[in-house]
Amino acid sequence: IYNIKTIDKFLVKGRSRYKMVYVGIVGCITVCFLIWKKLKDIVAPPLIISLIWAVMYTALLLRGAVIDQNNINYLSFFIGLCFFVIGFFSVLKDRSNRNDDLEEKKSVLNCDTFLIKLALIIEIIIFLSFAFQVRRYISAHYVYNFWKTLISGKTTGTYNEGLVASYARNAVISFAIVCSIVYFSNPNKRNRNYFFITFVIALFFTVTAGNRGIILMLILAVFFSNLLIKRYSIKKSLVIMSFLTVIAFAVFISFAFLKYVYDDQSNVLAFILKQLRVYFTTSMVAFTDWMDLHYEPLYGKNTFRFLYAVLNRIGYDVDVAVNRQNYVLVYGDRTNVYTVLHYYAADFGLGYAFVIQFLLGIMYGLLYKKVVLRKSSNVFCIGLLSLMYFPLINQFFDDKYFSIMSTWLQLSFWLWLFTRKSFLIKQKE
């Protein structure tokens, strides 16, 4: 507790004669270079998060002299990155066993024919029932566009997708990820068809969720599962990552037009630039401003929100923290996201948020070790690591770890179920 308070005292309301934003940029690029020199792997989680923070620091420069670049709180993100990297490498004792030789992987994957057909039939029945329900609601309550209609319906309470569709969503996503892993491991016609069908259904379920994040989670997981299995050359991996970036931005912008129908969209370029400015330059400023204020600690209400929600559901009268944060104005732009650090710093201080980053680094390190540094990769770990790239990239925005623990437990369960030996068959090449 003393150390945590000491860190908070050092950072909160601190100013330096150095521009902390530039220090953050140089620090992130340096860490990125050292990680690349050590691993030479473009999908290594610490490399990706280092690049993300470097880009976010650079984006702050677009604000110019408006922000106080000397505020030492801007160094928090770089320090958090360092804790993550230390945690990651603390579990990689032997980093010389990286398996780049695809010939060393002596088995390919196939699904049990009976079980996958049974799962597909059940999934298609649920999908058709849900699609009919969605179509009927949109036809009766259409306003602006299909996505805004669903979002408005959920907000006002006039639309309820039901427990079956709600809980089936994570099962459908997990099933699609497993089928993608099987297809990338063994790209025959049958596996391609399974992957295509499950991906289209999963895409429908994510789009109708009314949240861009879950759409990006699915897309990122499919692309990263491909990269983790195929182990392409650096050049080809860069091309695929560039293509993924274009797709992610296209999804982000497209659904922004569907969501913000009340904003002025007559000038398309101005609207896009505003969306990029709001979503990519406000969270770090909002967190820094929040750190400058006095706040009452939540003492674990964020971290253990899922546990509190369970206790509240079974009859205990406990206060469950809300995931949605208060809106603030960041130089005229309205935002309610404060980066991943805020969710945990609000509990026990900034030092605690750094500890969480260290533990997250350990978790990613263990998954990376099982997926990349082993000759025989664990299919469950491939699927889980593929999904975990979304909250990793999303760290600059907000928390998608403990804040959605229920989702992760469901995804993990379905991944575990669909990767059992009775469902997946490993065959010799």
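The model is a predicted one, and the protein in it contains 17 helices and 4 strands. For its 429 residues a compact globule would have a radius of gyration near 22 Å, and the protein agrees with this because its own value is 22 Å.

**Overall dimensions and packing**

- Taken along the principal axes, the box filled by the C-alpha atoms of the protein spans roughly 65 × 60 × 50 Å.
- Of the 429 residues in the protein, 51% are buried.
- When contacts between residues at least 6 apart in sequence are considered, 76% of them join residues that are at least 24 apart.

**Surface and charge**

- The side chains include 46 that are positive and 23 that are negative, with the centres of the two sets lying 5 Å apart.

**Aromatic pairs**

- The count of aromatic pairs, with ring centres within 6.5 Å as the criterion, comes to 39.
- One of these pairs joins F175 and F423, whose ring centres are 6.1 Å apart and whose planes stand at 70°, so the pair is edge-to-face.
- Because F175 belongs to helix α7 (residues 163–185) while F423 sits in the loop between α17 (405–418) and β4 (424–428), the pair ties together parts that are 248 residues apart in sequence.
- F175 and F423 are both buried, and they belong to one aromatic cluster that also contains F413, W414, W416 and F418.
- A further pair is formed by F184 and F195, with ring centres 5.7 Å apart and planes at 55°, so this pair is tilted.
- F184 lies in helix α7 and F195 in helix α8 (residues 189–207), so their pair ties together parts that are 11 residues apart in sequence.
- Both members of this pair, F184 and F195, are buried.

- Y144, although not a glycine, has a positive phi of about 70°, and its place is in the loop between α5 (113–141) and α6 (146–156).
- With a relative accessibility of 48%, Y144 counts as partly exposed.
- Y299, likewise a residue other than glycine, has a positive phi near 55°, and it is placed in the loop between α12 (283–291) and α13 (305–313).
- Y299 counts as exposed because its relative accessibility is 51%, the cut-off for that class being over 50%.

Technical notes
Residues are numbered from 1 along each chain as its sequence is written. This is a predicted model: local features need pLDDT of at least 70, side-chain atom pairs count only at pLDDT 80 or more; totals for chains, interfaces and linings use all residues. Side-chain values use heavy atoms; hydrogens and water are left out. Helices (H or I, at least four residues) and strands (E, at least two) are DSSP runs, numbered from the N terminus. The radius of gyration is taken over C-alpha atoms; the globule rule is 2.2 Å times the number of residues to the power 0.38. Buried means under 20% relative accessible area, exposed over 50%, partly exposed in between (1.4 Å probe, protein chains only). Contact means heavy atoms within 4.5 Å. Lys and Arg count as positive and Asp and Glu as negative; His and the chain ends are not counted. The place of a charge is taken as NZ of Lys, CZ of Arg, CG of Asp or CD of Glu. Rings of Phe, Tyr and Trp (its six-membered ring) pair if their centres lie within 6.5 Å; planes under 30 degrees apart count as stacked, over 60 as edge-to-face and the rest as tilted.
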